[in-house]
Structure formats: structure tokens, C-alpha cells
Amino acid sequence: MKKHLWNGFIETVKREVVPALGCTEPVSVALAAALATRELACTPAQIDACVSPNLMKNGMGVGVPGTGMVGLPIAAAVGALAGDADAGLEVLKNITSTDVEKAKLMLDSESVSIGVADVSNILFAKVTVSNGADSVTVIIADSHTRVVSIEKNGQVLFIADQTGSAQPAVKQNIFEQATAHDIFEFALNAPIEDIDFISQAYALNDELSKEGLTGKYGLQIGATFQRNVDRGLLTGGLLTDILRRTSAASDARMDGAMKPAMSNSGSGNQGIAATMPVVVVAEHVKANHETTIRALMMSHLMAIYIKSYQNKLSALCGATTASMGAVAGMTWLLGGQFSHISNAICSMIGDITGIICDGAKTSCAMKVSSSASAAIKAALMALDGIRVTGNEGIVADDVDASIRNMSALANGAMTQTDVQILEIMVHK
């Protein structure tokens, strides 16, 4: 048992599993705008932002919390006018309707511009705010809250250590030394007081799910399941409850609900996908608090481990890989051991690899529910001794090799898919 990795695992989860209000890409732009405005020390008259292609893709069509609008322009404007620069991914938590009206006036007067930056960073946001006499530029890169530079009137106020982004450091220090089995052993054996903090994921994402079930958000995927259970067209039970409660949280989150999600690897949807299926199974089997916490920790850390092999943003839907974390927690709750978990993850890789990310938007809730469905299917197959074998497609006999194969696809051939997706989106 590699106990020397445990503190690193805990630090990684605390860094990667954090509350986020709204989709993290437009929120990153809002944070940069808020930080820039604080340095400007007055209300800006002009806001100019340039973002990486991947950030543009994920910011074009998603709801911005508290605004009733979608897209990066309103995120930049309301972030600059009313964002809490100290709140990280919850930068928009205190905005009011008056703030939103002022932000809309900036958009109407064409005082906000958004462009695509020619950068190699997968995640990049450069926001400049000005009042005519002074200007401040803030750059966030490589992770959603990592400020790399602040300049005022051309003078450098801050520049980050250029040793690299947080994600490669996580891989080098922790996950290059670890396997999926190490994560399984950690989740089962770590002192419960050291991992109990993951219970906040349950609390936040369950509240978001309840909000989504009101039927006021997005495509109403979760509410649709509920209505059709009420009509008698669907039966209740474990599968329906997983789909209903997981997709409802995504419905609310992607349509701008003013409730935070507990994110995973920089994504609220990934946090939802790693949390809610496990929560539903834990309630179904009447698991006690400690068992539930261990299952949630297994899910979230496994999701981070799988994602660590991939670019921060890519053409591969992150909800699919987060659900591979969930399948670990679910399978264990249903009586499985590591061999069953390994088989379930391999089956999911053989099933839903290749689901594309075509930006953040309300229909992401459909991909979240599809991924959750694949997870419970793979878990039940594994418990019956059935799996996609190493003779099939990109799946290997070993779970860690299967994860690397899937990630090679995401980081390799699917990079051109990403370019094509963005080209379609910006020209339609």
C-alpha cells in the first residue's frame, strides 16, 4: 500500500474539487475582468478579451449565472462591474439585477469585445479593462484561476512563476507514481477524518440537482424523467433515479442557476458526473456516512486520475471520463472489488469514448445523463463478470493501459476534431 502518496492524493482532491458558480470557462473570463477592474480602481468604459479557441468553444453558448444570458461578453461585463475578485470560481456570487442591467448596457453600446487569441495554451483568457486614461490587463492561463500576469498602463504588476501549469505538476508528482489500484486502496483505507471534506460535493451537487428538478432550466432533462415517471411512462428505480438526479444538476448548472456546483478538474459537469450517480447508489443501498464518503472519494480521485492523462480541454467530453470515476464508487457500493471496478472502467472506455465536446451549453445535460447511464450499465455488467475485453478496439486487458489508450486518442487525433468543431460553431 503506497501510503507515501496519500497526502498528495488529498492535496490533489482539495485543489481539483472546488465550488464553482457557473460554467468554468466564462467564469474564468469574469474572474480576469474582476481582477483587472480592481487594479483599475474605477468602473471601466471598455472591456476587451481574447481567449483560446477551446475557451471560446466552451463559453459561446452556456448560461452565465444570474444574468439570464449566455456567452462570454456578458460574463466579462458583469465580472468587471460586480465580480468578487477574491472568490475564485464563485466570482459572480454577489451580482444583482442592477449589476446585470448595467452590464447589458455595456453590451448594447458595443463596449465589450471578445476575440480568439493565437496561443498554444488550451485554456487562456486575456482581459483588458480601460477608462480612457488607464488600462489594466490580466491574463489567466492553463487552469481556470491561475493568474500569470497583471499589467497596468504597460507596467508589470505581477508575473507568475513560469515553471508550468498545475496539471503537469500533478501528473509528475502524484499520478506518474500511482495506479488505479492505489486510488482504490487509498479511498478504502485513508483515515475518514482526512477525507470527510468530500461530503461538500454531496451537499452542493444534490442542492443543484433539486434546483434542476423544478423544471425551470435548460432542456429539463431531469424534470423530463420525473414527469414521465409521474405519467407512468417510466418506472422509478435505481437507473431512472441516477439519470433523473444527475441530469437535473447539469440542467441547472448549464442554464445559469445561482447555486454552485462542486467541480472536478475544473468542470462543474465533471463534478456532477462524479458525484450524483454515487450519491443515488449510496442512498439506494442505505450506505452509512463513512461508506458514502469513501465511495465519493474513490469516484472523484479516480476521475482526476483519468483526466490527468488528457489535455485540460479537448474534443472528448469530460463528463464521460468523470463518469468513469463514478463507476468505481458505484461498483464498490454495489459489492464489487477492484477487479470489478477495473472491468467496469474498461467497459465504459469501450462504450462511450469518442463522445465529442462541442462547447458548454444546456444540451450537456444530455451527455451527462448518457454517461451516467453507461456507468451503471458497466457496473452491473462487471458485477456479473462481463466486460469489454482487451481484444476489442482501444480497450486493453489492464485498466491503466486502457485509460492511457483513451487519453492518447483525446490528445492525438481528436485535436483536429476540436479544430473542426470550433470552425463549425463560429461559422454557423
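By class, how many nonpolar, polar and charged residues does the lining of the largest cavity have? Let's start there. The count is eleven nonpolar, twelve polar and seven charged residues, where Ala, Val, Leu, Ile, Met, Phe, Trp, Tyr, Cys and Pro count as nonpolar, Asp, Glu, Lys and Arg as charged, and the others, Gly among them, as polar. Before going on, keep in mind that this is a predicted model, where local features need pLDDT of at least 70, side-chain atom pairs count only at pLDDT 80 or more, and totals for chains, interfaces and linings use all residues. Residues are numbered from 1 along each chain as its sequence is written, and side-chain values use heavy atoms, leaving out hydrogens and water.

Back to that cavity. On a 1 Å grid over the protein atoms alone, a cavity is a set of points where a 1.4 Å probe fits but cannot get out, while a pocket is an open set with protein on both sides within 12 Å along at least five of seven lines; lining residues have an atom within 4 Å of a point. Volume is the space filled by probe spheres set on the points, with grid points joined across faces, edges and corners. The whole structure has one cavity of 30 Å³ or more, and about 310 Å³ of space lies in it. Of its 30 lining residues, Asn 58, Ser 267, Gln 270, Gly 318 and Cys 357 lie nearest the centre.

Now for the largest pocket, with a volume of about 270 Å³. It has 17 lining residues, and nearest its centre are Pro 53, Asn 54, Ile 122, Asp 418 and Val 419. Helix H18 gives the largest share, four residues; helices here are DSSP runs (H or I, at least four residues), as are strands (E, at least two), numbered from the N terminus.

Next, look at strand E2 (residues 46-51). In a regular strand the side chains alternate between the two faces of the sheet. In E2, Ile 47, Ala 49 and Val 51 form a covered face, and Gln 46, Asp 48 and Cys 50 an uncovered one. E2 pairs with strand E6 in the antiparallel sense over six bridges (pairing takes at least two DSSP bridges), with Lys 126 as the bridge partner of Cys 50. With strand E5 the pairing is parallel, over five bridges, and Ala 49 stands opposite Ile 114.

Notes. Buried < 20%, exposed > 50% of the residue type's maximum accessible area, 1.4 Å probe, protein only.
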